[in-house]
Amino acid sequence: MAKENFDPHIPESKEEAIDAIEYILQEAENNSGEIKRRIISRATERQINDLKGDGILIDEKWVHSIETSAILHARRMHGNEKSERNKGQIVITDDDFKKIPDILENYDRISKSETPSRSSKNSVIKYEREYEDGTIYYVEEKRDGRKSLAFQTMYKKN
């Protein structure tokens with residue numbers, strides 16, 4: 001099993017959150033085999049209230065996190081132009097990953113997936129945010145032990 005590298009700092013600004021994402025993107029590119037994780041932000045009051053309606057109970061102690069392994073997964077599954085076009089989707093880029101703080105703050109829709117995470121059976125949350133170049137679907141897994149909503153994948157459609 002890969003060793004994990006975790007920085008517990010919680011970004012206090014959008015710029016700090018993007019810095020954390022850029023760090024994880026770079027570390028995923030280097031792909032040393034070590035899982036690196038960073039916190040993006042705290043759960044917001046809006047998220048807490050919106051998720052309560054779907055039966056997902058979190059509070060202000062919960063955070064959003066991102067790991068190198070999830071970036072590698074998203075790039076592998078949604079980073080190829082031809083395969084995404086065949087699925088009616090648009091390739092995900094590093095610029096799309098840098099939109100994560102905006103997606104979390106300004107989502108158009110949020111919902112609990114009917115299907116739990118395959119490996120952990122944890123609840124899965126999907127955010128949707130429309131942009132000029134398509135709608136981004138940002139997916140997180142609820143990790144109770146860490147009080148973390150962890151990035152799982154993201155994809156983009158016309």
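Strand S7 is mostly covered, with 10 of its 10 residues buried. The model described here is predicted. S7 runs from residue 134 to residue 143, and S8 covers residues 148–157.

On one side of the pairing scheme, S6 and S7 run antiparallel and are joined by eight bridges. The two strands form a hairpin with two residues between them. Within this pairing, Tyr 131 stands opposite Gly 134 of S7.

S7 also pairs with S8, again in the antiparallel sense, over nine bridges. Four residues lie between the strands of the S7 and S8 hairpin.

## Helix H1

The buried residues of H1 are Ala 17, Ala 20, Ile 21, Ile 24, Leu 25, Glu 27 and Ala 28. Viewed down the helix axis, these buried residues fall within an arc of 165 degrees, so they line one face of H1. An α-helix has 3.6 residues a turn, so residues three or four places apart point the same way.

The cover over the buried residues of H1 includes strand S2 (35–42) and strand S3 (63–67), together with helices H3 (68–78), H5 (94–97) and H6 (100–106). On the face turned away from the buried side, H1 carries the exposed residues Glu 15 and Glu 29.

## Residues with positive phi

Most residues other than glycine have a negative phi.

Asn 31, which follows H1, has a positive phi near 45 degrees. Lys 121, although not a glycine, has a positive phi of about 65 degrees. Lys 121 is located in the loop between strand S5 (109–112) and strand S6 (124–131). Its relative accessible area is 58%, and Lys 121 is therefore exposed, the cut-off being over 50%.

Lys 147 is likewise not a glycine and has a positive phi of about 50 degrees. Lys 147 belongs to the loop between S7 and S8, and it takes this positive phi in the hairpin of those two strands. With a relative accessible area of 36%, Lys 147 is partly exposed.

Conventions: Residues numbered from 1 in each chain as written. Predicted model: local features only at pLDDT ≥ 70, side-chain atom pairs only at ≥ 80, totals over all residues. Heavy atoms only, no water. Buried < 20%, exposed > 50% of the residue type's maximum accessible area, 1.4 Å probe, protein only. Arc of directions from axis to C-beta. Contact = heavy atoms within 4.5 Å. Pairing = 2+ DSSP bridges.
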